[in-house]
Amino acid sequence: MTGPASTSAPGGAGGPSSAERPWPVRVVSMKIAQWIDRLGEVWVEGQITQLNRRGGGTAFLTLRDPSANVSMQVTCLPAVLDRSEVPLNEGTQVIVRGKFTYWTGKGSLSLRITEIRAVGVGELLARIERLRQLLHAEGLFDPRRKRPLPFLPRTVGLVTGRASAAERDVRSIAEGRWPGVRIRAEYATVQGPTAVPQLVAALRSLDADPDVDVIILARGGGSVEDLLPFSDETLCRAVHAARTPIVSAIGHEPDNPLCDFAADVRAATPTDAAKRVVPDVVAELDRIAELRQRAAAALRGWVDREARSLESLRSRPVFAHPLRLVDDRADEVERLLRDARRDVRRTVERESDRTVHLAARLTALGPAATMARGYAVVQKVTPDGENPVVRAIDELAPGSQVRIRLPDGAASAAVMGVTKISVRTEDE
């Protein structure tokens with residue numbers, strides 16, 4: 001590369017560029033080369049998508065970021081590839097050390113590496129664990145965000161590899177359990193550098209279909225490297241953002257890629273996913289028959305119980321002989337009436353006898369009885385007509401008019417004279 005001496009070129013590159021003093025292309029290229037040269041050596045992680053060992057002294061690679069559609073050209077000596085402890089193939093996750101070079105003639109950028117390391121299983125697992133903790137802290141694995149699966153989905157979406165064993169398992173189990181189930185499959189590469197974009201695109205296509213009620217993300221077993229796309233951050237976020245419930249069925253029972261935690265339901269295998277999503281028509285019909293039998297038995301038991309309760313009520317004396325209480329009370333009322341009549345008659349007779357005695361006494365003590373024994377009642381005649389009874393001789397004076405009542409009549413008389421009789425007391 002040439003240095004700052006090129007600033008003497010026409011157009012004047014010694015100062016800032018402007019419309020009046022533009023930089024030539026060569027000056028711009030040299031300045032870019034100078035800035036890139038200052039970057040020094042860097043460590044870069046990526047996935048090999050192309051590997052070309054040419055017969056010359058240079059090997060060409062293409063590194064790709066699995067989480068984004070970004071790639072980079074890499075060159076190195078073939079000996080650098082030969083020093084790798086594991087075979088390097090397309091799809092291998094690697095870490096490289098090198099220095100960027102900007103080719104001013106073509107305006108291209110290349111990374112010249114001096115060391116390459118394949119990412120081992122242990123480091124892959126450690127990185128997956130760090131990503132798991134990050135996504136868990138963001139709430140992507142929160143159980144409260146999990147959505148329930150529909151009981152009988154209209155259409156089951158399936159994301160899997162084309163003509164894969166996982167697809168055959170899901171279709172055979174689902175159609176055997178419910179022949180009327182409809183499965184819409186979206187095929188994608190399930191391992192390698194192009195797996196994540198295809199899986200995300202298939203997932204979004206099914207999620208956008210309003211007829212799809214649940215989505216199964218299925219793949220058979222494999223190594224940690226094979227299942228690596230299903231622990232990709234982009235795929236996990238796509239699973240979490242989907243509006244349709246998603247069942248993750250990746251690998252076998254021991255396999256736990258991160259999309260298992262982001263999905264709404266984790267199935268141990270694709271077969272298990274089909275069983276979870278599609279109900280068994282035979283089992284459901286048996287369950288309906290069992291529920292009908294239980295309901296009928298419960299109804300019969302309730303009717304028998306209520307019938308026994310009614311029979312128990314009917315056997316009680318008050319219901320068996322409802323008039324017995326009235327009959328018992330009628331006898332008591334009749335007895336009370338007889339007692340009342342007897343008491344009333346006794347009272348009337350007693351009072352009648354008493355009245356007779358009182359009448360006899362009144363008759364004996366009355367004036368008529370006294371006069372019948374030869375006595376007479378003398379009344380003093382007064383102008384006011386009151387005619388009081390004379391009780392003492394002092395009430396009469398000679399010449400007074402009196403009225404004498406006898407048992408059979410009365411006579412008027414005048415007092416000719418009065419004679420007072422002295423009455424002796426017992427002391428005298």
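**Local features of the predicted model**

At 59% relative accessibility, Ala163 counts as exposed, where exposed denotes over 50% relative accessible area, buried under 20%, and partly exposed the range in between (1.4 Å probe, protein chains only). The structure is a predicted model, in which local features need pLDDT of at least 70, side-chain atom pairs count only at pLDDT 80 or more, and totals for chains, interfaces and linings use all residues. Residues are numbered from 1 along each chain as its sequence is written, and side-chain values use heavy atoms, with hydrogens and water left out.

Ala163 lies in the loop between E6 and H4; helices (H or I, at least four residues) and strands (E, at least two) are DSSP runs, numbered from the N terminus. The phi angle of Ala163 is near 55°, a positive value in a residue other than glycine. A positive phi also occurs in Asn387, where the value is near 50° and the residue is again other than glycine. Asn387 belongs to the loop between strand E11 (377–380) and strand E12 (401–406), and with 22% relative accessibility Asn387 is classed as partly exposed.

Helix H4 comprises 13 residues (residues 165–177), which at 1.5 Å a residue should span 18 Å; the end C-alpha atoms are 18 Å apart, in agreement with this expectation. The expected span is defined as 1.5 Å times one less than the number of residues in the helix. Within H4, the residues Ala166, Glu167, Val170, Ala174 and Arg177 are buried. Viewed down the axis of H4, these buried residues fall within an arc of 120°, so they line one face of the helix. The arc is that of the directions from the helix axis to the C-beta atoms. Arg168 and Gly176, on the other side of H4, are exposed. The packing partners of the buried H4 residues are strand E6 (155–160), strand E7 (182–187), strand E8 (212–219), helix H8 (270–277) and helix H9 (281–315), with contact meaning heavy atoms within 4.5 Å.

Helix H9 also contains Glu284, which is buried at 15% relative accessibility. Beyond residues up to four places away in sequence, Glu284 touches Phe151 and Pro279. Leu313 is likewise found in helix H9, but is partly exposed, with a relative accessible area of 32%. Together with Leu310, Val318 and Phe319, Leu313 makes a nonpolar surface patch of about 390 Å². H9 and helix H10 (317–320) are the elements that give two or more residues to this patch. Patches consist of residues with over 30% relative accessible area and no salt bridge, like charges being joined within 9 Å and nonpolar side chains (Val, Leu, Ile, Met, Phe, Trp, Tyr) within 5 Å. A salt bridge is a side-chain nitrogen of Lys or Arg within 4 Å of a carboxyl oxygen of Asp or Glu.

Two further buried residues were examined. Thr75, in strand E3 (residues 70–76), has 12% relative accessibility and counts as buried. With residues up to four places away in sequence left aside, Thr75 touches Thr58, Ala59, Phe60, Ser110, Leu111, Arg112 and Ile113. Val119 is located in the loop between strand E5 (108–118) and helix H3 (121–138) and is buried, with a relative accessible area of 8%. The contacts of Val119, on the basis that residues up to four places away in sequence are not counted, are Gln93, Val94, Ile95 and Leu124. Val119 and Gln47 are 72 residues apart in sequence, while their C-alpha atoms are 9.8 Å apart in space.

Conventions
Areas by Shrake-Rupley, 256 points an atom, 1.4 Å probe, with all protein chains shown as cover.
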